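Please look at the sequence and the model before reading on.

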Amino acid sequence: CVCVCVCTPDSCAEELALLEARERFLKSRVQKQEVLLNRLCNLLSLRPAPDCADVFTSGSNSSGLYRLRPRGSPAPVQAYCDMSDGGGWTVVQRRIDGSELFNRSWTEYKNGFGDKSGAGEFWFGNENLHYLTDQGNYSVRIILGDFEGSQSYAEYNDFRVGPEESDYLLSFGAYSGTAGDALSGNYQVGVSGWASHQGAKFSTYDRDNDNYAGGNCAQEDKGGWWFNRCHSAHLNGLYYPSGPYSAVTDDGIVWVTWRGWWYSLKTTVMKLRPADFKEDPLYDLNDV
């Protein structure tokens, strides 16, 4: 006696739905395993990521130190990745308390200096900045804090730093934000000729590349930066322990369109991310 079972339309549809659900589940597991594999590769430094955006999209969503190797860079470099604020930010400068000297030589600014751990002040290094921004269109977000507890920010797309042969020439695109457009010098008619940092070369006390015929801006304003004649933004100046200050020159940590030349800021952060970066909503990493 042979028993033959025949699917009814309802039972066949139910079986098909179960198989499709199983297929989706297996695909999800494979995708999550790929996330874990990418994360493991980054942790083991088998494949240093080109930037923190790549680290983030590979599944690492914790802020901290990571080993990066921007395309074209001769060697990997340690970088602090900020995975807050949408994630994927490579932090390139931080000022918080004046613990680090920023009146440094050309070589020190070239190679970078300071504490990148997330607790200290540092400069990422002009060579690293060049290789990082040479990979594509990067946006820079500059977050400023004063001694009264207020914060403001300025963002520019297409932020690029040229090679050493160009004296790390700076270029940047359109501005957005709340701090005002100090970098382009367009905040007042007739001042951009001396105030704009567009196309400025980097200067330090021992290498003068500014447009100021009367002296060396980096030497006068006590920090390396992209000076014109001299500045309307200078985030590497002297750290003053309170906002308002007086000095022979405006040598504080300055963003003129927010607090003016004679107010030295308490905190600054500069961080970079690809302009087309989008947070991937596919994975809930807590479930991996």
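The torsion about the S-S bond of Cys52 and Cys81 is about -75°, so this disulfide is left-handed. Cys52 belongs to helix α2 (residues 52-57) and Cys81 to strand β2 (residues 77-82), so the bond ties together parts that are 29 residues apart in sequence. The sulfur atoms of Cys52 and Cys81 are 2.0 Å apart; a disulfide is counted when two cysteine sulfur atoms lie within 2.5 Å. Helices (H or I, at least four residues) and strands (E, at least two) are DSSP runs, numbered from the N terminus.

This is a predicted model, in which local features need pLDDT of at least 70 and side-chain atom pairs count only at pLDDT 80 or more, while totals for chains, interfaces and linings use all residues. Residues are numbered from 1 along each chain as its sequence is written, and side-chain values use heavy atoms, with hydrogens and water left out.

Cys52 has 0% relative accessibility and counts as buried. Cys81 is likewise buried, with a relative accessible area of 0%. Buried means under 20% relative accessible area, exposed over 50%, and partly exposed in between (1.4 Å probe, protein chains only).

The structure holds two disulfides. The other joins Cys217 to Cys230, with an S to S distance of 2.0 Å. Cys217 lies in helix α6 (residues 217-221) and Cys230 in the loop between β12 (225-226) and β13 (233-234), so this link ties together parts that are 13 residues apart in sequence. The torsion about its S-S bond is -85°, and the link is left-handed. Both Cys217 and Cys230 are buried. With the bonded cysteines of the protein chain numbered in sequence order, the pairing is 1-2, 3-4.

A search of the whole structure finds 18 aromatic pairs. Rings of Phe, Tyr and Trp (its six-membered ring) pair if their centres lie within 6.5 Å; planes under 30 degrees apart count as stacked, over 60 as edge-to-face and the rest as tilted. One of the pairs is Tyr156 and Phe172, which is edge-to-face, at 5.2 Å centre to centre and 70° between the planes. Tyr156 lies in strand β7 (residues 151-156) and Phe172 in the loop between β9 (170-171) and β10 (175-177), so the pair ties together parts that are 16 residues apart in sequence. Tyr156 is buried at a relative accessible area of 0%, and Phe172 counts as buried at 8%. The rings of Tyr240 and Tyr245 have centres 4.4 Å apart and planes at 25°, so that pair is stacked. Tyr240 counts as buried at 17% relative accessibility, and Tyr245 is buried with a relative accessible area of 9%.

One aromatic cluster includes Phe102, Phe113, Trp106 and Tyr109. Arginines lie over the faces of two rings, as tabulated below. A charge sits over a ring if NZ of Lys or CZ of Arg is within 6 Å of the ring centre and within 35 degrees of the ring normal.

| Charged residue | Ring | Distance from ring centre |
|---|---|---|
| Arg95 | Phe102 | 3.9 Å |
| Arg104 | Phe113 | 4.4 Å |

How many of the eight residues of helix α4 (residues 126-133) are buried? Seven are, and the helix is mostly covered. The buried residues of α4 are Asn126, Asn128, Leu129, His130, Tyr131, Leu132 and Thr133.
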